[in-house]
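Here is a short briefing on one protein model. Look at the sequence and the structure, then read the points below.

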Amino acid sequence: VKSQFLKQPLLRETMKKPAASALLEAGMQRYSGFHFLYKDPHVMKEPSCIYKLNRITAPILVVVGDREVTDYRMIAEKIVEKCPNARMRFMSQVGHLPCFEDIETTKQIILDFLTQAKG
């Protein structure tokens, strides 16, 4: 089951990069696989969080790879649209896991964001 998870389209771009692929595979080997084997016992009792995004006033950084799958890119855009202090940064040549695929650029984007948020 774990090996099939790594083959899903969501992770295609990450798995093309040897260093990122190695990190993801190592993490998956350590993972118990609990959510693959058991259904989530929690039932959503409240409306989706999408209706509460406008309440978030803290600065938010949304990092999206230019090779991200469409659904997740749309979710990122919705977060930026609904949260008053959200900003989006695009990273080139990365998919769903920028922090695995381009560690140095991800670190710099986060440091820049934190510096601006603090200032």
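**Briefing: pocket, cores and a helix**

The largest pocket holds about 200 Å³ of space. A pocket is an open set of points on a 1 Å grid over the protein atoms alone, where a 1.4 Å probe fits, with protein on both sides within 12 Å along at least five of seven lines. The volume is the space filled by probe spheres set on the points. This is a predicted model: local features need pLDDT of at least 70, side-chain atom pairs count only at pLDDT 80 or more, and totals for chains, interfaces and linings use all residues. Residues are numbered from 1 along each chain, and side-chain values use heavy atoms, without hydrogens or water.

**Pocket lining**
- Lining residues have an atom within 4 Å of a point.
- Of the 17 lining residues, Val62, Val63, Val64, His96 and Pro98 are the closest to the pocket's centre.

**Nonpolar cores**
- The largest nonpolar core has seven residues, including Leu53, Ile60 and Cys83.
- A nonpolar core joins buried Ala, Val, Leu, Ile, Met, Phe, Trp, Tyr and Cys residues through side-chain atoms within 4.5 Å.
- Buried means under 20% relative accessible area, and exposed means over 50% (1.4 Å probe, protein chains only).

**Helix H3**
- Helix H3 covers residues 18–30; helices are DSSP runs (H or I, at least four residues) numbered from the N terminus.
- Ala20, Ser21, Leu24 and Met28 are the buried residues of H3.
- Seen down the axis of H3, these fall within an arc of 100 degrees (by directions from the axis to the C-beta atoms), so they line one face of the helix.
- The face turned away from the buried side carries exposed Pro18, Ala19, Gln29 and Arg30.

Definitions and conventions: Helices (H or I, at least four residues) and strands (E, at least two) are DSSP runs, numbered from the N terminus. The expected span of a helix is 1.5 Å times one less than its number of residues.
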